[in-house]
Amino acid sequence: MADTDLSKRDDVRDTDVAREPTVVVDDVHIVYRVHGAGSGKGSATSALSRILSRKRGSGVREVHAVKGISFTAYKGEAIGLIGSNGSGKSTMLAAIAGLLPTEKGGIYTNGQPSLLGVNAALMNELSGERNVVLGCLAMGMTPAQVRERYQEIVDFSGINDKGDFISLPMRTYSSGMGARLRFSIAAAKTHDVLLIDEALATGDQAFQQRSKKRIEELRGSAGTVFLVSHDNNSIREVCERTIWIEAGELIMDGPTDEVVGRYERGERP
Amino acid sequence: MSTVSEPVSLSTPRGVDAGLTAKQLADKYGLSVSGARPGLFAYTKQLWARRHFIWAFATARLVAQYTDAKLGQVWQVVTPLLNCAVFYLVFGVILENKDGFPPNTYIAWLCIGVFVFQFTQNAVQSGTRAISDNLGLIRALHFPRASLPIAFTVIQLQQLLISMVVLVITVLASGITPGRTWLLIIPALILQTMFNTGISLIMARIGAKTSDISQLIPFVMRAWMFLSGVMFSIQDRVHKWPHYIQVICAVNPASVYMDLLRHAFAPIIYNKHQPAHQSLPPHQWTYGIAWAVGIFVIGYVFFWKAEEEYGRG
């Protein structure tokens with residue numbers, strides 16, 4: 001089994017070469033604390049009695065979202081994260097980005113990973129134009145760099161393909177347009193570690209092609225890309241390695257073809 | 001071929017790194033804990049690198065604030081003027097506060113107080129919401145979070161500078177001639193801006209953790225306004241009160257900054273009980289500097305202490 005697996009791969013001889021890790025996830029547990037999930041959430045009397053009795057536990061419920069996941073990602077890898085809804089993929093991604101505290105275990109990264117999510121919003125009341133500038137400045141670009149990249153970002157997003165939309169407030173954009181612009185802004189800078197949450201599922205065919213190409217470029221510039229998606233084809237096209245997570249536990253970590261294939265057939269190892 | 005007995009995991013370190021634990025591997029390649037809080041010095045450096053972002057954010061926010069209003073940014077001037085008009089009617093005319101002042105000067109005295117107090121009031125209110133209103137930005141991009149409360153203070157400062165134009169016209173219309181004391185407006189405003197930045201940082205951390213606080217803030221600010229002598233002279237009442245209240249009123253930062261600016265704009269009316277006094281008691285500047293430096297440093301460190309927690313959960 002192992003021998004056939006190895007002989008299929010081209011990088012067998014590379015097993016003796018040390019690779020540079022970019023993300024080390026070491027036995028990570030993540031627990032969400034949901035406030036107000038207990039009984040009598042909205043009632044004023046119960047809130048008062050909670051304050052008076054100084055009991056914290058009653059209104060707080062714990063959700064154990066990630067249970068002891070470990071893996072190491074190396075420079076130049078594109079890694080897909082798959083699993084059913086609520087399996088902990090996005091939580092894992094947010095934790096790698098440093099946005100969620102770990103209960104136990106540690107996450108070590110090279111530089112600060114950048115999370116690129118469809119749900120993450122810039123400022124909706126501002127024009128796309130200003131959001132491009134703000135986003136780039138927030139990522140740490142200098143004003144000169146922003147001026148240099150601005151046209152490239154707008155062209156890449158394709159927002160202006162159907163007229164001058166970039167000068168309109170973002171709240172007037174369709175969800176696809178907003179997601180495209182956000183992807184374009186975040187992808188304008190080379191990140192050491194780029195985390196993408198379902199970004200490829202949005203946007204039209206042409207934009208999906210462009211973003212796949214851009215992710216390839218980002219990988220080329222010595223980064224590591226993580227991709228969470230329910231679209232197995234985009235995982236297959238972008239990632240050569242895939243991690244399957246189910247109910248907060250790591251089910252399988254291996255070459256994409258093998259892992260996605262078994263995931264689709266529902267064969268848990 | 002090596003004699004591998006079990007499938008090689010893609011995670012396993014290879015070559016010279018083989019056999020290292022995850023922690024050892026991370027240490028060897030100098031990986032840092034994701035989302036860890038940088039040291040105070042490194043944080044300040046990151047913040048300085050984002051100065052263009054802070055400025056662009058503040059300007060963009062100021063423009064966006066009135067995008068829905070037809071009159072647009074005219075409201076930045078009209079809103080404080082309407083406030084002054086209401087206070088003039090209630091406290092000046094109905095409660096007859098203006099009678100103690102030299103003729104026609106109460107309106108200038110009132111406007112300076114209202115604008116100066118509102119500068120601090122807005123800093124507190126926007127600071128409270130600085131984190132919770134921008135969770136999208138915080139969760140999408142990495143930047144020192146102190147950029148946000150600082151940017152909101154810059155917005156308030158930009159707004160104040162616009163109001164200053166109105167203020168200068170009001171003061172001149174009251175028959176007060178500009179003097180050398182007008183130069184003191186600049187240091188007084190710098191001190192107040194520092195104080196506001198600090199208080200905005202403090203409120204931002206509290207507001208990020210305890211969203212209930214935003215329900216409480218309007219009442220606290222209203223109480224503070226009435227106790228600071230914005231629209232009536234607090235000195236009128238204070239001498240009848242116990243000593244410790246007199247001390248509190250004397251060091252109250254809102255009163256201190258109002259006194260500094262009232263004196264700078266119009267020395268003859270800053271305190272109606274000492275009409276001959278053209279100069280401030282020196283302790284006012286001492287208090288002003290102490291509040292500015294003290295609150296700024298405390299606020300900055302207090303905010304930085306929770307840097308890694310903003311936007312979580």
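Two residues are in contact if their C-beta atoms, placed from the backbone, lie within 7 Å. This is a predicted model, in which local features need pLDDT of at least 70, side-chain atom pairs count only at pLDDT 80 or more, and totals for chains, interfaces and linings use all residues. Residues are numbered from 1 along each chain as its sequence is written, and chains are lettered from A and ligands numbered from 1 in the order in which they are written.

**Figure 1. Chain B and its helices.** Among contacts in chain B between residues at least 6 apart in sequence, 84% join residues at least 24 apart. The chain has 13 helices and one strand; here helices (H or I, at least four residues) and strands (E, at least two) are DSSP runs, numbered from the N terminus. Along the sequence the order is α-β-α-α-α-α-α-α-α-α-α-α-α-α. Of the 313 residues in chain B, 40% are buried. A residue is called buried if 20 or more other C-beta atoms lie within 10 Å of its own, exposed if 12 or fewer, and partly exposed in between, with C-beta atoms placed from the backbone.

**Figure 2. Confidence in the model.** The pLDDT is the predictor's confidence in each residue, from 0 to 100. Chain B has an average pLDDT of 82, and 90% of its residues score at least 70. Over residues 1-6 of chain B the pLDDT stays under 50, and for this stretch the model has three contacts beyond four places in sequence. The scores of the model are ipTM 0.73 and pTM 0.80.

**Figure 3. Where chain A meets chain B.** In this view, 52 residues of chain A are in contact with 40 residues of chain B. By residue type, the side of chain A that touches chain B divides into 29 nonpolar, 14 polar and nine charged. For this count, Ala, Val, Leu, Ile, Met, Phe, Trp, Tyr, Cys and Pro are nonpolar, Asp, Glu, Lys and Arg are charged, and the others, Gly among them, are polar.

**Figure 4. A strand pair across the two chains.** Two strands pair if DSSP finds at least two bridges between them. Strand β4(A) pairs with strand β1 (residues 32-33) of chain B in the antiparallel sense, over two bridges. Within β1(B), Val33(B) stands opposite Tyr108(A).

**Figure 5. Strands β3, β8 and β9 of chain A.** Strand β3 (residues 78-82) and strand β8 (residues 241-246) of chain A pair in the parallel sense over four bridges. Ile82(A) has Trp244(A) in β8(A) as its bridge partner. On β8(A) there are also six bridges to β9(A), and these two strands run antiparallel. Glu246(A) is bridged to Glu249(A) in β9(A), and Thr242(A) stands opposite Gly254(A) in β9(A).

Figure 6. Strands β8(A) and β9(A) form a hairpin with two residues between them. Ala247(A) lies in the loop between these strands, and its phi is near 50°, a positive value in a residue other than glycine. Most residues other than glycine have a negative phi, and most peptide bonds are trans. Ala247(A) counts as partly exposed because it has 14 C-beta neighbours inside 10 Å. Asp27(A) also has a positive phi, near 45°, and its place is in strand β1 of chain A. Asp27(A) is partly exposed because 14 other C-beta atoms lie within 10 Å.

**Figure 7. The largest nonpolar core.** A nonpolar core is a set of buried Ala, Val, Leu, Ile, Met, Phe, Trp, Tyr and Cys residues joined through C-beta atoms within 7 Å. The largest one has 140 residues, and those with the most contacts inside it are Leu81(A), Leu93(A), Leu227(A) and Ile112(B). Helix α5 (residues 106-130) of chain B gives the most to this core, with 13 residues. Apart from neighbours within four places in sequence, Leu93(A) is in contact with Leu81(A), Leu115(A), Leu195(A), Asp197(A), Phe226(A) and Val228(A).

**Figure 8. Gly220(A) in helix α7.** Gly220(A) belongs to helix α7 (residues 205-220) of chain A. This glycine is exposed because it has 10 other C-beta atoms within 10 Å. Gly220(A) and Pro21(A) lie 199 residues apart in sequence and 16 Å apart in space, C-alpha to C-alpha.
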